[in-house]
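Colleague: Hi! I'm new to this one, could you show it to me and talk me through how the chains meet?

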Number of protein chains: 4
Amino acid sequence: MKRTINVESLRQMPIEEQAIELVERKCIGHPDSIADGVAEAISRALCCEYEDQCDAVLHHNTDQGEVVAGASLPSFGGGKIVRPIYLLLTGRATKCFEGKVIPTDATAVEAARDYLKETLPTLNMERDIIVDCRMGDGSTDLCDVFRTCGGNTVPRANDTSFGVGHAPFSEVEQIILAMDEEISTRLRPKNPIIGYDLKIMGLRHGDQMTYTIASAMVDRYCSSIDDYVEATEFMKEELTTLARRFTQRKVSVEVNTADDIKNESLFLTVNGTSAEMGDDGSVGRGNRVNGLITPNRPMSMEAASGKNPINHIGKIYNLLSTEIAQEACGKVDGITEMYVRLLSQIGHPIDYPLVASVQIIPETGADFGSISRDVEEIVNNRLANISTITERVIKGELKTF
Amino acid sequence: MKRTINVESLRQMPIEEQAIELVERKCIGHPDSIADGVAEAISRALCCEYEDQCDAVLHHNTDQGEVVAGASLPSFGGGKIVRPIYLLLTGRATKCFEGKVIPTDATAVEAARDYLKETLPTLNMERDIIVDCRMGDGSTDLCDVFRTCGGNTVPRANDTSFGVGHAPFSEVEQIILAMDEEISTRLRPKNPIIGYDLKIMGLRHGDQMTYTIASAMVDRYCSSIDDYVEATEFMKEELTTLARRFTQRKVSVEVNTADDIKNESLFLTVNGTSAEMGDDGSVGRGNRVNGLITPNRPMSMEAASGKNPINHIGKIYNLLSTEIAQEACGKVDGITEMYVRLLSQIGHPIDYPLVASVQIIPETGADFGSISRDVEEIVNNRLANISTITERVIKGELKTF
Amino acid sequence: MKRTINVESLRQMPIEEQAIELVERKCIGHPDSIADGVAEAISRALCCEYEDQCDAVLHHNTDQGEVVAGASLPSFGGGKIVRPIYLLLTGRATKCFEGKVIPTDATAVEAARDYLKETLPTLNMERDIIVDCRMGDGSTDLCDVFRTCGGNTVPRANDTSFGVGHAPFSEVEQIILAMDEEISTRLRPKNPIIGYDLKIMGLRHGDQMTYTIASAMVDRYCSSIDDYVEATEFMKEELTTLARRFTQRKVSVEVNTADDIKNESLFLTVNGTSAEMGDDGSVGRGNRVNGLITPNRPMSMEAASGKNPINHIGKIYNLLSTEIAQEACGKVDGITEMYVRLLSQIGHPIDYPLVASVQIIPETGADFGSISRDVEEIVNNRLANISTITERVIKGELKTF
Amino acid sequence: MKRTINVESLRQMPIEEQAIELVERKCIGHPDSIADGVAEAISRALCCEYEDQCDAVLHHNTDQGEVVAGASLPSFGGGKIVRPIYLLLTGRATKCFEGKVIPTDATAVEAARDYLKETLPTLNMERDIIVDCRMGDGSTDLCDVFRTCGGNTVPRANDTSFGVGHAPFSEVEQIILAMDEEISTRLRPKNPIIGYDLKIMGLRHGDQMTYTIASAMVDRYCSSIDDYVEATEFMKEELTTLARRFTQRKVSVEVNTADDIKNESLFLTVNGTSAEMGDDGSVGRGNRVNGLITPNRPMSMEAASGKNPINHIGKIYNLLSTEIAQEACGKVDGITEMYVRLLSQIGHPIDYPLVASVQIIPETGADFGSISRDVEEIVNNRLANISTITERVIKGELKTF
């Protein structure tokens, strides 16, 4: 059966030519990212548990959960947590299958705590956080749809829904992702004062880029106001240098501009996340599957993190359309910008979307017919191998936020 | 001081000419909408309580909360709730001000229950729902910014953030909003079998429109499978007729296509919402402030519902930019499509955004200079009167989802 | 089969002759009593639900639950609740039986809310209280023991345990129960300032009785400190008069002695219970099944409220032994004081206790042989008709606290 | 000022001569004991935190909390936890003192988890238990009474209440305490199959003693039904031998009589406590401060565990009266049995009870006048040094359950 793949030429001002561009990323320790990461960790753990016990992944969606902020008293040299963060795990998971009881609640709690321990190593797991669980059972209807998963047939879509992706990343998008990478792999390991909860907001106004970074600082590694100021200035410098490697435009980086240094009103924290002191978080309210929030680009509102990776369109199609766009831009010449949308039809096999819609802004003079054929082939291949998305999600090879 | 207002002509294919358009709306009883509605009801109630007691609106953000699904046994003629829905209220609110204690928790619980009672009249408030509360205190830092609210100065932005809006609505957008209106004001009152939890997904593929509607049915008003089928067919007919009033394109409407009528696997519910039986909901995961989810349009990821209406950019700028676009399209000739983005700078007065960016696709032959001047004036006026947004939100005159 | 009934003459100083006697009662609105009352209301509601749906009472024990105090701001003329009371329902109940799903959670929540509404009519059910539920499922083992309940065989004991009761009530005991009755049926209806949460502590030191009463006052019915003082004096007077009808001893009654009238540190409440402002409560920590706490008498530590009335020894034997003692003292002459203990053996029919032990302090000159025979007959009859206890508990005819 | 100490001769059948005696102990891992132990651990941790930060112990009572059972699938060789135990910490503690914020919630959570880790080493703290916290603030009134604690004045009673204690322990009481000691220090360390949750019920009927022991077994140390049976028989043997060292009476010991070996319906658990699989627990529903439940003896219903050790009569007087009785029986000749009751008066210094009432059954021919004088002196001395009770409780030297 032939797939419905629709490639059209898009007459539109490419993002780099638009006057204003806005991009945002909530880093790993932001309350919304904590919620996303935990949700995804639980889904992965459940997949493994299900495979172990049932040789199949059963219905579940753990794309819910709430990070309720605690209270803390940060202090130079090391403060203390006053009231622990409260993390409520919700969502659904099949608890019983062919007479077997699956320990979904215990698995969820363990996965959440393991994830937190690894992701926020500053956290005192015995004192600073409460992980609670009110996970429900999978609904019977959806379980029905699920029976095919164990076999070799392709799962059917859980919903009439869609996924969307784009490529290539703009300069601002690239820089923000690079900053995040730089901070986690190079800056923080050497400067543990830099916390885990950062929000990077990039604004390009014509050829002027401004990166506004709010970064939690960890008090036990910060003995004084001078340390604090030094850290922000160090970050500013390093990240400005980094950004300049990606662009010819003017770059300005601001770190913790909301601080009032004189009155010592700072973004100082005990553990490096604002979740400890007033900021709640939820699954699906932060980054999209490409790691960014991009109001100048088409976006899906779906929370991908925690969704089951077998038949949930909001997860699979968002991941797949992003990969298709990236592959096409990498392999096919003549593409300035590209948007991929995959639409499902509830109950139909997920490798045959209702329509795969590709919009391309071609480079001037490019042969659109040729581009179109090449891209269509990529789309077709990717859809035929859609199950690799599922496999890589379960292995934790694909990021969802 | 002059405002930075940037009006540019956008070279882009108008939405109606694009091959594919996707729009979605989660109606009032969808779990995500329940979460949004409760969050906003609590914020409004707190505003009133604060005004009563302190002559000022104090810091709060109740844009959090989680609807954890219950379990039910729907049955023709009337089934029963097995496990109540669990609704957790979180977020922050200032609990103490100048020696006065504000009853924020009790106010939140009452506002939530009142909202539910009014919005889902089928719900047995003594049996079908648990409203729990773990609301925190407002953080001191943000309280500082807030002191100005009582006076006549303009509040300062809570964050470096933005809002986005567009106009006019496309045919698909108009039709979805009209369907929702038709259902709540005309169809449901006469046909109480139609539940509160509907998801309307509109897809335009060229000149073919398909509306896929998932509608919970209320079992006490549905004595048999025939009643059920009749109701879906009635809805299909009425909504098809309605849609045709808005468009010359081909229209197809599907209601509850995932049903398996033979096996009586239906979207039958006790109270008319899937929250009773397996679907969780969160604030900010559903409709944007214009009531829609529009992946073909620029969108903000911010949860507007429950945010404080005084200085929270994610709420105020999203509402305001939508109103600006609508006013401009209504009053200024020659606009095919228009996008408004308002960018704040943390700590600066909200009536002076860092930049107000307007993108217009002009009609062929229109005088862009003239359009530009008129639109700029509208933007300027609206910003000057930004406090009316706050006032109307508190009065409940503006929808946030 | 003959029952093992052991009647012995007890050589012991009767309570009225001991130098010191202490008795206490926590009235209906005391946090511990609220917990007890709710636990028992839920058990009764479950019994009805089970009978309706399964023609049998299934395994459950709802003798758990926690009243977590809220916060309030009482004020003359009417204050307000700041943070609602949080009531957590726990315990176990069979959720599924022969393919039928029993709505145990929804039933529990409804029963709890109904009970509270009726018992504490001052409470604003939409604002002043949160009723949460984390009830578990019945354990399989106990369910096994339970299968007999529907038929005409006698249930088997859930545990190796015992119940204990005594008669007649001493003067102090009688007076405390009479005071409670007087307050609920006569004083409070006419003087709504008197709250629901009272603790009556009776101390007899030789021939001097002192009743120390802590009584919550309801602020909406108390316009000033004068009203408050007047109410305590009125109670003091009325209850002194009442007590004198029961005794020739000296009586002194104190009401709210911990108050500091000058500094207006009073026991003033919004709704008439200290649960609104700092006092938690638990099932089984208050009155025994005779409505009293009597450290001079043998007592069982079992929480009777909420236990299943079919085979739970801690409930049935405590109720039954109290009734046996009362009946015997009423019908058989020559008994000064009497203690009944019933001991079960796990897995054996409850109408055949391991031993029924009766201790009697006979009146001087009484014929103990005759007393013994009469009492034994009463014990025997009562045990033979043990199922009437179950029936009356389900109908709500027996108090458990 | 002279203390009111009342020593009277009690005409009563000593316990060893009564026909029937019942004694019970819930060991360390019983759900009620878990609740007690956690409550007391939290109080101790708070005392230390308060002393550290404020040089005084502030008002708190953590004698609340609920152990909500989880679900488990025990299995020979090692099963798994399906749903974690849920432990809710409630109670009150002063959160703010002279401008200092005390981290009461974080301290409570940490103390609870530390206690559990140490007490139930089988428990997987990351997976098998959820420790939640909803602790309130101390009430202002009680705080007032508390100001004296830091100084050298004696605290004043929190309530009109009492404590009660007795000595010496009867044979049954001694044997049960010895069995518990034997199991924890000798049997379990060498035989880890023996769990932590044991209930020992002792019944003496004339000269026949029967000890009925329900002992959770730990499945990872139990490879088969044979191991299980062997363990119960081993316990039976060891404990019978032990008991015989304390008595000349006939002794019979039964272990896990409710088992149905044929159908493998056993008391097999994953972690050695029934809290994992169906049995809830609450503070104050288990052992009294002497470690026993003794329905043949006067008992207080007060939950001592978790009560503040400064001025809470329900804690201090129960501990003190027990110690007084034990000291007197040890030092003064001629006492067969002895009961001590201490009565407080709210607001009065705790070293001057309203009355200290001592009842003594003297040995035949003993000089009661002499006994009385000696005992009075002991009572007087102990009251004068009442603060040592507080100190030893804070150091963890006194058991409360």
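Colleague: What should I know about the model before we start?

Modeller: This is a predicted model, where local features need pLDDT of at least 70 and side-chain atom pairs count only at pLDDT 80 or more, while totals for chains, interfaces and linings use all residues. Residues are numbered from 1 along each chain as its sequence is written, chains are lettered from A and ligands numbered from 1 in the order in which they are written, and side-chain values use heavy atoms, with hydrogens and water left out.

Colleague: Great. How many residues are in contact between chain B and chain A?

Modeller: Contact here means heavy atoms within 4.5 Å. By that rule, 69 residues of chain B touch 68 residues of chain A.

Colleague: And what area is buried between chain B and chain A?

Modeller: About 5500 Å², with carbon and sulfur atoms giving 55% of it. Buried area is the accessible area (1.4 Å probe) that two parts lose on being put together, summed over both. In chain B, the residues that lose the most area to chain A are Arg11(B), Arg285(B) and Met301(B), together 14% of what that side buries.

Colleague: How many salt bridges are there across the interface of chain B and chain A?

Modeller: The rule finds eight salt bridges there, each being a side-chain nitrogen of Lys or Arg within 4 Å of a carboxyl oxygen of Asp or Glu. One of the salt bridges joins Asp159(A) to Lys199(B), with the closest N and O atoms 2.7 Å apart. Across the interface of chain B and chain A there are also 26 residue pairs in polar contact, both at pLDDT 80 or more. A polar contact is a pair of N or O atoms within 3.5 Å; within protein, one must be able to donate a hydrogen and the other to accept it, and residues adjacent in sequence count only if both atoms are side-chain atoms.

Colleague: Which strand gives the largest share of the side of chain B that touches chain A?

Modeller: S14(B) does, with four residues. Strands are DSSP runs (E, at least two residues), numbered from the N terminus.

Colleague: Now for chain D. How many residues of chain B are in contact with chain D?

Modeller: Four residues of chain B are in contact with four residues of chain D. Chain B and chain D bury about 220 Å² between them, 7% of it on carbon and sulfur atoms. On the chain B side, Asp132(B), Cys133(B) and Arg134(B) lose the most area to chain D, together 100% of what that side buries.

Colleague: Which residue does Arg134(B) form a salt bridge with?

Modeller: Its partner is Asp132(D), and the closest N and O atoms are 2.5 Å apart. Between chain B and chain D the count is two salt bridges.

Colleague: What rotation superposes chain B on chain D?

Modeller: A rotation of 180° with 0.0 Å of shift along its axis, giving an RMSD of 0.0 Å. The two copies are thus related as by a two-fold rotation axis. Copies are superposed by least squares on the C-alpha atoms of residues with pLDDT of at least 70 in both. Of the residues of chain B, Arg134(B) comes closest to the rotation axis, at 4.6 Å (C-alpha).

Colleague: Why do the copies meet through the same surface?

Modeller: Because 100% of the interface residues of chain B are also interface residues in chain D.

Colleague: Last topic: what is the strand order in the open sheet of chain A?

Modeller: The order of its four strands is S11-S7-S4-S18, with mixed pairing. Two strands pair if DSSP finds at least two bridges between them. The edge strands of chain A are S11 (129–133) and S18 (281–282), each pairing on one side only. Strand S4 (residues 66–68) of chain A and S18(A) pair in the antiparallel sense over two bridges, and Val67(A) stands opposite Gly281(A) in S18(A).
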